[in-house]
Amino acid sequence: MTTRPRLGVYPGTFDPITSGHTDIIQRSCRVVDHLIVGVARNAGKGPLFTLDERVALVRADVAAMPEAKQISVVPFSTLLIQFAAENQASVIIRGLRAVSDFEYEFQMAGMNTKLNPDIETVFLMAADGQQFVSSRFVKEIGRLGGDITRFVSPRVSAALAEKFSTEAHSGAAIGGAFD
């Protein structure tokens, strides 16, 4: 009897990919045989990076991982459950940082189960030291000149610095959660 490889999807906007994301990606590889990191278009969130830039940053960070052969990075703009089904995934992996994440994720998992009961949702708790890391905070800290090198790869840090430099030269408004 041949068993089918267990395929999982780890979706997100990854604007940008953080050390919290990479931790979940690496730990997900212990749960599934192949992981598809689904980079969502999600224009509604007003991402700083374009979809192509986010996919490139995720691919570069994944390429540096020992588990890289188990991982593919794919952009998507459909419903998550549809994307998972199209890619023959049996598992959706979601990371939880805090109790505040749980209610939203619980509701989404319930809705996805109603849409396709054959695809399970698995929650991985953020590792110690990663619970507070979010793309939104990383962008705000970086935009205001703070040190983000503990939270993102050197590649992502450089890409953020370039974006913020372009913003400053274009006269874009600077401010946010830490004003």
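**Arginine 94 and its surroundings**

Guide: The side chain of arginine 94 comes to 3.3 Å from the backbone oxygen of proline 11. This is a predicted model: local features need pLDDT of at least 70, side-chain atom pairs count only at pLDDT 80 or more, and totals for chains, interfaces and linings use all residues. Residues are numbered from 1 along each chain as its sequence is written, and side-chain values use heavy atoms, leaving out hydrogens and water.

Visitor: What makes the pairing of the side chains of arginine 94 and glutamate 105 a polar contact?

Guide: The two side chains come to 2.7 Å. A polar contact is a pair of N or O atoms within 3.5 Å; within protein, one must be able to donate a hydrogen and the other to accept it, and residues adjacent in sequence count only if both atoms are side-chain atoms. At 2.7 Å, this pair counts as a polar contact.

Visitor: Why is arginine 94 called buried?

Guide: Its relative accessible area is 15%. Buried means under 20%, exposed over 50%, partly exposed in between (1.4 Å probe, protein chains only). So arginine 94, at 15%, is buried.

Visitor: Which residues is arginine 94 in contact with, leaving aside neighbours within four places in sequence?

Guide: Pro11, Glu105, Met108, Thr121, Val122, Phe123 and Leu124. Contact means heavy atoms within 4.5 Å. Arginine 94 itself sits in strand S4. Helices (H or I, at least four residues) and strands (E, at least two) are DSSP runs, numbered from the N terminus.

Visitor: How many residues line the largest pocket, and which lie nearest its centre?

Guide: There are 44 lining residues, and Pro11, Gly12, Thr13, Lys45 and Arg94 lie nearest the centre. H4 gives the largest share of the lining, 7 residues. The pocket's volume is about 1,100 Å³.

Visitor: What makes one space a pocket and another a cavity?

Guide: On a 1 Å grid over the protein atoms alone, a cavity is a set of points where a 1.4 Å probe fits but cannot get out. A pocket is an open set with protein on both sides within 12 Å along at least five of seven lines. Lining residues have an atom within 4 Å of a point. Grid points join across faces, edges and corners, and volume is the space filled by probe spheres set on them.

Visitor: How many cavities of 30 Å³ or more are there?

Guide: The count is 1. The largest cavity holds about 30 Å³. Leu80, Ile92, Arg94, Glu105, Met108, Ala109, Asn112 and Thr121 line it. H4 supplies the largest share, 4 residues.

Visitor: How many residues does the largest nonpolar core have?

Guide: It has 32. A nonpolar core is a set of buried Ala, Val, Leu, Ile, Met, Phe, Trp, Tyr and Cys residues joined through side-chain atoms within 4.5 Å. Among those with the most contacts inside this core are Ile25, Leu35 and Leu160. H2 gives the largest share, 5 residues. A second, separate core of 12 residues includes Leu80, Ile81, Ala84 and Ile92.

Visitor: Why does serine 157 count as buried?

Guide: Its relative accessible area is 17%, which is under the limit, so serine 157 is buried. Serine 157 belongs to helix H6 (residues 154-170). Its C-alpha atom is 8.2 Å from that of glycine 142, 15 residues apart along the chain.

Visitor: What is phi of phenylalanine 14?

Guide: Near 50°, a positive value in a residue other than glycine. Most residues other than glycine have a negative phi, and most peptide bonds are trans. Phenylalanine 14 lies in the loop between S1 and H1. Its relative accessibility is 2%, so phenylalanine 14 counts as buried. Proline 16 is in the loop between S1 and H1 too.

Visitor: How do you know that the peptide bond from aspartate 15 to proline 16 is cis?

Guide: Its omega is near 0°.
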